[in-house]
Every structure is written in C-alpha cells, then in structure tokens.
Amino acid sequence: MRKFLIAAVVAATVGSMTTTVVEAQGPIGNRIQRNVRQLERQAQRAVNRSTYFNDNSWKQVSPWVDKYSLQTSRAVGNVVGDAARATADATRAAANAVRTTADATTKAATNAAANARFGYANPKASNAANVWFYDYYQLPPTYYSTVEGNAAVYSSATQYRDTNEDGVYDGLYSYRDSDNDGVYDEYDHINFAESNEHQENATANDDKSVAKTRVDTDAVYDAKRHSVEGKVEATKLAKVNGQSHTIVKVKGEKDSLIVDLGASSELSELKIEEGTEISASGPMIQVGEKDVLVADKVTVENKEVVIARHAPRLTGSVLETNSASAQKNDHVMAVIETDHGNQLVDLGSADHFEMTLEPKTEVVLWGAPVQMRDHSVILAEKVQVNGKTYSIKRW
C-alpha cells in the first residue's frame, strides 16, 4: 500500500487564501460525481488496503482485557456520549432493516439507514416553510492538509468510518489529490477491525458487499477549499455527534450557502446573528440533500477565528502502560481509568513518545474510538499531562 502522504492535521492550520463566493453544483451534480467515483474508490481500496493492528497486537494487549475489564466496542458509546450512541442505535436499527428486507425493498431500507444520520427532532417540521437545515447530523472525524504554497486545494484528507454503525470506527479512508486539480483521485483504506490473518477474505469480499448494500454517503471527492462572504440570513443550533454546533445560512453574491461553524461553546467571542457580515472557508460536504461548508476559519467584524474540530474528549488516570505492535511499529499503549470504565488507548509510535506516564497520572486526551476485535481502542490525537499538551503524529 502506498504510504500515506498525510499529516493528520485539522484543516484549520492551513494558510489564508483569497475569499471567493462558492457556486455549489447542487445535490444532483454532487450525487452524480459521487456515484461515478464510488466504483473507482472501491477498486483502488481493494488493492491499496492494509490493517492497523497486526496479529501480534491482540496477543500483546489481550492480558489486559480480563485484568482491567476493558471496554467492548458495544459499550464504547459511554465514552463518545449518550447522544452519539442514540444516533448510532437509530442508524443501526435502520441498517438491520437492510439485512432483513427482501431484494425488492433493499434500496428503500438502505436510504432509511442513510437518513438516520441526519434529520429533524420533529419529523413534521421538515414540511415547514422556514425550515432550512436539519436539527441533527453526523460528521465523521475528517482531517485535511494542503499543498505547500497552494491554499486553494486540500492535498489530502483522512476520514474515520463506522461502517456497521456501532459507534466505534472500523476503518480509516485516505483521499489524495495527486495532481492538485481539486478532485481526489487516489484512495487507501486501513482496516482496524481485522488483523492481517483475516485480510485476504476481507479484501475479496468487503468492498463488493458494501457496494451492494450500502450507500457511500460519507465519501470525500471534492478537494477544493471553498469560501463564502456575505450576510447571515438565518442561524440555528444543531446536534453534531452529540455536540451543539452553530449553523448559519449566508447570502453570497449569487446564492445562499449553509455553513457549519463548529462547536457553539468555542464561538463565545463572536457575535453572530441575522444581518452579521461574515466570511468563512473550508471543505464542502453533502448532508442529505444539503450542501454544507464545514468552516475551518471564520471572520466576523475583522476578527478571524480558526475553528478546531477535535475527536471526542476523554479524561481519566493511568493504570498501566506497555507497548504493542501496530502498523509494523511499536506503539505505546495505556489503560486509562475513566468514569465510564477502563479504556485501552493507543498513544502513537514509541519512537516519538515524549510523555512520562506513571500509574495514577491524570490525563486528558482527544481521540477516535476504533475497533480491535470486539474491543475499542482510542487512537489519541492529543494528550494533556500536567498542564502540557502533546500532539501525536499518526499518519
């Protein structure tokens, strides 16, 4: 598999660019592009795929399972939050309908599974004239990086994916724009759930079954950095992965565009209301039938704010540390005692490990829960110890 050309850095770290008003292709155009590229993605990922945890990984950490009653993947919803788990449960119920429905209604059931990722608190609200965006939606953790000296496109993106909708990510997808034309054309897939002893069967069957029964609603294909400038027409709060986000509709020179400004709790220094002049930039995604700019930077009244988008936050104390192999390297692994039970954490390559973690050390960490066999492992992105914050370079 090609080595990832990705530093897993939030797009908020990129440099500035000249602001332009985006002209979205619209849901139909986006859907056509997505469907055309889906076959290409699946073909490449069938070849360019690898496992994260090798056969020795489980042998090295399995003694901790009984010793510390480690979290199973089904119980990790307690770590990522009740709201996120409730959404995952609803999506999983819809996905079950896909597996139990006759072929004639498979398409409808698949659409139902996709729709469980976004919607309205009151289904009747969708018919109201003033409803312009959903009350909730899921946003898979996705990280972007740019080409040096070219802030108009993202050179690469990595996205965690939860294909079985259980609240724990079982794969990581890599997207690269090899010629910097604004469209991702190279794809890789890291599988967390399977070890390399199961990989041959997974390579032969996984992408075929996914193509048959699942709509690839989270696919990333647009590598352009979009922007919008204009007046705020409307604002609302929406639950995104269980957290309250500020969503605005901005009237540009031609059309209006929906913008996700990130966690509302981190926007206290900005006054955003109807009529506010605003500019924002970031990647474009599709949520249901809506095109959404996921802002990594916003400017209001000459005040620019970088919008950091983090994986879930976890606090606890260290019970034990050790090493285990992952991606052909030794990684530092730790068991963290939390209010929701004991959790296994991957702290990155041992070669670049800078922290001192003794038993009972209090830690705050941010990371995505991924699957190892039937247990969850937090892939830490950032760790705070004794007031000092460490970033973990993983990809």
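Tutor: The model is predicted, so local features need pLDDT of at least 70 and side-chain atom pairs count only at pLDDT 80 or more, while totals for chains, interfaces and linings use all residues. Residues are numbered from 1 along each chain as its sequence is written, and side-chain values use heavy atoms, with hydrogens and water left out.

One of these pairs is Arg-176 with Asp-188, whose closest N and O atoms are 2.6 Å apart. It links distant parts of the chain, since Arg-176 belongs to strand β6 (residues 171–176) and Asp-188 to strand β7 (residues 186–191), 12 residues apart. Helices (H or I, at least four residues) and strands (E, at least two) are DSSP runs, numbered from the N terminus. Arg-176 is buried, with a relative accessible area of 4%, and Asp-188 is buried at 0%. Here buried means under 20% relative accessible area, exposed means over 50%, and partly exposed lies in between (1.4 Å probe, protein chains only).

Another salt bridge joins the side chains of Arg-225 and Asp-296, at 3.0 Å from N to O. Arg-225 sits in the loop between α6 (199–213) and β8 (226–240), and Asp-296 in the loop between β13 (290–294) and β14 (297–300), so this pair ties together parts that are 71 residues apart in sequence. Arg-225 counts as buried at 5% relative accessibility, and Asp-296 is buried as well, with 3%.

In a further pair, Arg-309 forms a salt bridge with Asp-260, and the closest N and O atoms are 3.5 Å apart. This pair also links distant parts of the chain: Arg-309 is in the loop between β15 (303–306) and β16 (313–326), Asp-260 is in strand β10, and 49 residues separate them. Arg-309 is buried at 17% relative accessibility, and Asp-260 is buried at 0%. Salt bridges that share partners also bring Arg-176, Glu-186 and Asp-188 into one network.

Strand β10 (256–263) leads on to another part of the picture, for the loop between β10 and β11 (277–282) holds Glu-273. Glu-273 is partly exposed, at 40% relative accessibility. Thr-276 is found in the loop between β10 and β11 too, but Thr-276 is buried, with a relative accessible area of 10%. The side chain of Thr-276 reaches the backbone oxygen of Glu-273 at 2.9 Å. Such a polar contact is a pair of N or O atoms within 3.5 Å; within protein, one must be able to donate a hydrogen and the other to accept it, and residues adjacent in sequence count only if both atoms are side-chain atoms.

Beyond β16, the loop between β16 and β17 (329–338) contains Lys-328. Lys-328 has a positive phi of about 65° although it is not a glycine.

Key:
Salt bridge = Lys/Arg side-chain N within 4 Å of Asp/Glu carboxyl O.
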